[in-house]
Amino acid sequence: MADIKETADALSLSAEGLPTIVWYPGHMAKAKRLIADNLKLVDVVIELVDARIPVASANPMLKELIGKKPRLIVLNKMDLASPAVTKDWIGYYQSQGLAAVAVDAPGGRGIKGLVKLTAKLASGRTRRLENKGAKARAPRAMVLGIPNVGKSSLINRLAGRVKAKAENRPGVTRAKQWIHIEDGFDLLDMPGILWPKFDDPTVGLYLSYTGAISDEAIDTEPVVLHLLGWLRKNFPRDLITRYKLELAEGETLPEDSMALLELIGRKRGHLEKGGIVNRDKTKKLLLKEFRAGLIGKYTLDLPPEKTEARETEAEDNGAGSKENRVNRKFAAGGAGQRPAP
């Protein structure tokens, strides 16, 4: 797969004030064709999403590509997401007739459930093939997901040893590969693909938060400033605790995100000559620690009925403008709780 940096346009600000990312992905089109050509080889599709952003990390092209093929939604990185909201997402998928399971691939949680559901979903097709006279074989599954959602880590956990190159860097898995799983089925790993344009600015923003889009491909400053604004609004105590920000009685965190960034940089000693804060170093620290769950465990995307309930409540309180709806969606999430709009 080509370096994602080659396919990214500049990050700009949308009308709502949120960064928008536009892609021109020639290699992504090749990956899409590769998936379509190989779907006939498998019995079930395992679609991997990030449990922190199940909507933003779900490629909308995959539903059309997969068609009627049995599909299992796997919410990876459950250890970094809100447990309560992850549970809500599992219930939502099941209400839509979709099988779903949450996993922590590196830690192994949820893997047994994934294997069990995969075998169950694949059994219908394998039985039909055997009834038609085909030789009995192990179930086959295709693993799909956007870059950096954890496909390689999941495959390595299932296989019991390193089979796919895993790095915390988008786009490392570059070609399809068959991998035999000791539990009795075969996995077809495919390149991670994004889609040509993020119509909703929050999608590109969330993918930037989690590292699905390479930091080298974008200007991370507006991303970090929006992230700090979200954390200050919804989880100020997490910032205060993590970065040991000492506030006087009655004092609150700076409302200006740049001022907050510099406050954190000073507290961490990211200073240059003259006492100037090294903002680049502080930005990298914040993204790294947010992605690792060191600030808190957050889910930014809520299931539809939860989002609708939040918007209805806000509209009843007179906050129904387009801008406010965007900002409420931007603020959806929580470490086991739901921030007020």
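Me: How do the residues lining the second largest cavity divide into nonpolar, polar and charged?

Reply: This is a predicted model, where local features need pLDDT of at least 70 and side-chain atom pairs 80 or more, while totals for chains, interfaces and linings use all residues. Residues are numbered from 1 along each chain as its sequence is written, and side-chain values use heavy atoms, without hydrogens and water. The cavity (grid points, 1 Å apart, where a 1.4 Å probe fits but cannot get out; lining atoms lie within 4 Å of a point) is lined by Arg52, Leu80, Phe290, Gly293, Gly296, Tyr298 and Leu300. With Ala, Val, Leu, Ile, Met, Phe, Trp, Tyr, Cys and Pro as nonpolar, Asp, Glu, Lys and Arg as charged, and the others as polar, the lining has four nonpolar, two polar and one charged.

Me: Which residues of α10 touch α7?

Reply: Contact means heavy atoms within 4.5 Å. From α7 come Thr220, Glu221, Val224, Leu227, Leu228 and Trp230. By class, the α7 and α10 residues together make seven nonpolar, one polar and three charged. The partners on α10 are Arg279, Lys283, Leu286, Leu287 and Phe290.

Me: How do α7 and α9 lie relative to each other?

Reply: Helix α9 spans residues 257–267, and its axis comes within 9 Å of that of α7. The two axes cross at roughly 90 degrees. Angles of 65 to 115 degrees count as roughly perpendicular, under 35 as roughly parallel, over 145 as roughly antiparallel and the rest as oblique. So α7 and α9 are roughly perpendicular.

Me: Which residues of α9 make that contact?

Reply: On the α7 side you will find Glu221, Val224, Leu225, Leu228, Gly229 and Arg232. Seven nonpolar, two polar and two charged residues make up the contact of α7 with α9. On the α9 side they are Ser257, Met258, Leu260, Leu261 and Ile264.

Methods. Helices (H or I, at least four residues) and strands (E, at least two) are DSSP runs, numbered from the N terminus. On a 1 Å grid over the protein atoms alone, a cavity is a set of points where a 1.4 Å probe fits but cannot get out, and a pocket is an open set with protein on both sides within 12 Å along at least five of seven lines; lining residues have an atom within 4 Å of a point. Axes are lines fitted to C-alpha atoms, for helices over the stretch in contact, and angles run from 0 to 180 degrees between N-to-C directions.
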